[in-house]
Amino acid sequence: MSSGAGSRRPREPPEHELQRRREQKRRRHDAQQLQQLKHLESFYEKPPPGFIKEDETKPEDCIPDVPGNEHAREFLAHAPTKGLWMPLGREVKVMQCWRCKRYGHRTGDKECPFFIKGNQKLEQFRVAHEDPMYDIIRENKRHEKDVRINRRHA
């Protein structure tokens, strides 16, 4: 009587057996990684036991509820909070325009009602002075001028 001869698998060629073992090892490794990620995601996203939410802040709360800001508040209220920072391919800007005082764009953006209005010389002055590099560039030009003057007199 043969002991367990029927339960044995036929002998595979060594390369097939090696390939099968590698595939099983890869699947096991992938499953372990997936379990770790699921654990981290569920563990770190859940509040600790006994935690009571008192006042949950919403993204649209950072924009005042005044006329003119309804569009920006409405967009932020329904924008996804996880995943992409540009929901639906649209950039979310939580910032206030210095000129019109509305939220959702910056000074000089095309959405601003004051875009390219008023005195063009004042507009160029404003753009230059809002540029963070303006002072550095002006200082470099002044330094180059002083160096040229010192070379002439030396």
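Guide: Welcome! This is a predicted model, where local features need pLDDT of at least 70, side-chain atom pairs count only at pLDDT 80 or more, and totals for chains, interfaces and linings use all residues. Residues are numbered from 1 along each chain as its sequence is written, and side-chain values use heavy atoms, with hydrogens and water left out.

Visitor: How many salt bridges does a search of the whole structure find?
Guide: Side chains of opposite charge can pair when their charged atoms come close. A salt bridge here is a side-chain nitrogen of Lys or Arg within 4 Å of a carboxyl oxygen of Asp or Glu. With that rule, the search of the whole structure gives a count of seven.

Visitor: Is Arg27, which pairs with Glu23, buried or exposed?
Guide: The two side chains meet at 3.4 Å, N to O, and both residues lie in helix α1 (residues 14-45), four residues apart. Helices are DSSP runs (H or I, at least four residues), numbered from the N terminus. Buried means under 20% relative accessible area, exposed over 50%, and partly exposed in between (1.4 Å probe, protein chains only). Arg27 has 53% relative accessibility, so Arg27 counts as exposed.

Conventions. Helices (H or I, at least four residues) and strands (E, at least two) are DSSP runs, numbered from the N terminus.
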